[in-house]
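Dear colleague,

I am passing on a structure to you with this email, and below it you will find my notes. Please keep the model open while you read, so that you can look up each residue as it comes.

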Amino acid sequence: MDNHNYDIIIIGAGAAGLAAAASASAGNSRVAVLEKMPRPARKVMITGKGRCNFTNMKSWSEFSEHLHPKAAFAKHSFYALTPENLVELFKENGLESVVERGDRVFPSSGKACDVVDTLVRAASSADLFCSTEVDDIQRENDIFVLSCKDGSRWTCTRLIVTTGGLSYPLTGSTGDGYRWASALGHTVRPQLPSLTAIVPKGYKDGSGHISRETPLSEYGRMLNGISLKNISLTLMIDGNPAQDEFGDIDFTDGGLEGPIGFKISRRCVSAISSGSKVGIVIDLKPAVSAEPLQSRISALFDDISKNPKFRNRHYRDRLLVLLGRLMPSALVKPFLADFPGTDHKRLSRDLKNWRMDIAGYVGYERCVVTNGGVSLDEVNSKTLESKLVPGLYFAGEVLDMDADTGGYNLHFAFSSGHLAGLSAAKSLK
Ligand SMILES: Cc1cc2nc3c(=O)[nH]c(=O)nc-3n(C[C@H](O)[C@H](O)[C@H](O)COP(=O)(O)OP(=O)(O)OC[C@H]3O[C@@H](n4cnc5c(N)ncnc54)[C@H](O)[C@@H]3O)c2cc1C
């Protein structure tokens with residue numbers, strides 16, 4: 001049996017693990033990173049649709065609004081490695097970056113693989129062992145003893161767990177860290193998918209977790225492929241408004257997603273899982289209130305009805321022309337499926353009140369991040385060391401911290417990994 005001893009061992013060479021390896025190995029500590037996949041940071045490779053939105057340049061006060069459930073926990077990590085520091089660290093290791101709309105930062109090359117190469121370079125003072133899956137962790141006196149699936153045995157006095165969450169399990173994150181944290185006495189908050197497609201009733205068969213692979217129903221096929229811009233959307237939980245958002249949504253083969261679809265998914269999934277009745281109300285014309293909108297619609301309908309091209313047509317045909325002027329043409333059919341009796345006199349009400357019940361959501365197979373994880377109450381936010389087990393550290397998505405889209409999740413992974421690595425190395429001195 002192979003036996004290896006290191007000062008610091010990091011489990012998981014993802015975003016947090018590689019950042020931890022870079023900071024922990026900057027001094028004299030002997031650092032090993034154990035990664036179960038044949039290559040590191042598989043998930044980072046698929047981030048930002050292959051472009052990797054790796055951070056966001058917002059100041060802490062704005063940045064923190066995008067972190068859940070307890071942004072204050074991430075403050076020390078954020079200041080240990082700010083977005084500016086991260087951009088600089090990447091630059092020192094050969095990666096140029098570009099800031100885009102909404103302060104989101106991407107590699108100038110537009111390639112997530114360049115971020116992975118840069119991370120691996122930054123962590124090159126640590127020993128990286130791929131295809132090395134940790135199976136079990138025991139604590140014997142003050143020493144952590146790790147057993148791997150390949151039969152190897154590893155010991156250290158400082159252990160950093162950066163095994164990620166449960167999303168996209170094919171990238172290697174299968175929730176192993178939760179199991180060990182729990183066995184070592186930590187509270188692990190229940191996990192749920194977040195930043196995921198939510199599925200309107202009738203879009204696909206099923207309820208609760210509805211696999212991405214489930215075929216679309218006829219209603220789903222009508223909506224699939226439609227993107228709506230500048231709409232407002234209210235999430236309703238048990239009949240009460242719970243969240244208001246303004247922006248864009250996309251109907252896809254999964255369900256409803258896009259920027260504000262993702263934004264409401266966290267609360268939506270949680271509410272469905274706890275048995276609440278969930279729905280959404282879409283306002284297709286948020287810039288105009290109902291009365292002036294109805295006056296405009298009536299005037300428009302009069303014009304259409306007087307137009308020689310349409311004036312001899314049936315009412316229903318003229319209504320279709322009207323709808324085609326008020327919404328993307330592909331939306332007319334599903335809109336009429338939900339409002340079969342609509343007429344030009346009540347159209348403003350329907351355009352501003354498109355209600356859909358939400359039956360379920362796409363699960364870990366295709367969600368972006370995991371809501372839940374190792375309880376923040378039992379981890380010191382200044383060092384990321386466990387308050388229960390000295391020498392044990394957690395960073396990244398394994399912790400009960402998740403964020404909106406915009407580079408916030410990766411920044412939390414990098415900055416918390418960096419702080420955990422620094423703290424573990426410092427504690428050895
Ligand atoms: C499709 C998609 C797109 C995304 N896009 C963005 C984006 O553009 N911007 C953004 O900010 N965030 C994005 N995210 C979220 C972001 O990728 C994650 O929040 C981040 O990768 C979490 O980092 P982590 O290091 O904690 O976990 P991971 O990156 O998941 O790394 C965990 C590592 O631990 C390894 N591991 C697990 N168990 C073991 C074990 N038993 N032994 C050894 N190794 C183990 C895994 O193989 C993995 O390599 C995206 C996520 C997805 C799924």
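In strand 21, the residue N371 is the bridge partner of L192. This bridge belongs to an antiparallel pairing, in which strand 13 (residues 188–194) and strand 21 are joined over five bridges. Strand 21 itself, which covers residues 369–374, is mostly covered, since six of its six residues are buried. Please bear in mind throughout that this is a predicted model.

Elsewhere in the model, five strands form an open sheet with parallel pairing, and their order is 8-3-2-12-22. Strand 8 (127–129) and strand 22 (392–394) stand at the edges and have a single partner strand each, so one side of each is left without a neighbour in the sheet. If direction is ignored, neighbouring strands of this sheet are turned against each other by 20 degrees on average. For strand 22, the parallel pairing is with strand 12 (residues 158–161), and three bridges join the two.

**The ligand and its surroundings**

Which residues come nearest to the ligand? There are 36 residues around the ligand, and of these A16, E35, D176, E397 and L410 come nearest. In the case of D176, a polar side-chain atom is the one involved, and it lies 2.7 Å from a nitrogen atom of the ligand.

How much of the ligand does the protein bury? Taken alone, the ligand exposes 1000 Å², and the protein buries 95% of that area. The elements that give two or more residues to the shell around the ligand are helix 1 (15–24), helix 7 (176–183) and helix 14 (408–428). Helix 14 provides the largest share of this shell, namely four residues. Sorted by class, the shell holds 14 nonpolar, 16 polar and six charged residues.

With best wishes for your reading of the model

Technical notes:
Residues are numbered from 1 along each chain as its sequence is written. This is a predicted model: local features need pLDDT of at least 70, side-chain atom pairs count only at pLDDT 80 or more; totals for chains, interfaces and linings use all residues. Side-chain values use heavy atoms; hydrogens and water are left out. Buried means under 20% relative accessible area, exposed over 50%, partly exposed in between (1.4 Å probe, protein chains only). Two strands pair if DSSP finds at least two bridges between them. A residue is near a molecule or strand if one of its heavy atoms lies within 4 Å of it. A polar contact is a pair of N or O atoms within 3.5 Å; within protein, one must be able to donate a hydrogen and the other to accept it, and residues adjacent in sequence count only if both atoms are side-chain atoms. Accessible areas come from the Shrake-Rupley method with a 1.4 Å probe; for residues, only the protein chains shown count as cover. Ala, Val, Leu, Ile, Met, Phe, Trp, Tyr, Cys and Pro count as nonpolar, Asp, Glu, Lys and Arg as charged, and the others, Gly among them, as polar. Axes are lines fitted to C-alpha atoms, for helices over the stretch in contact, and angles run from 0 to 180 degrees between N-to-C directions.
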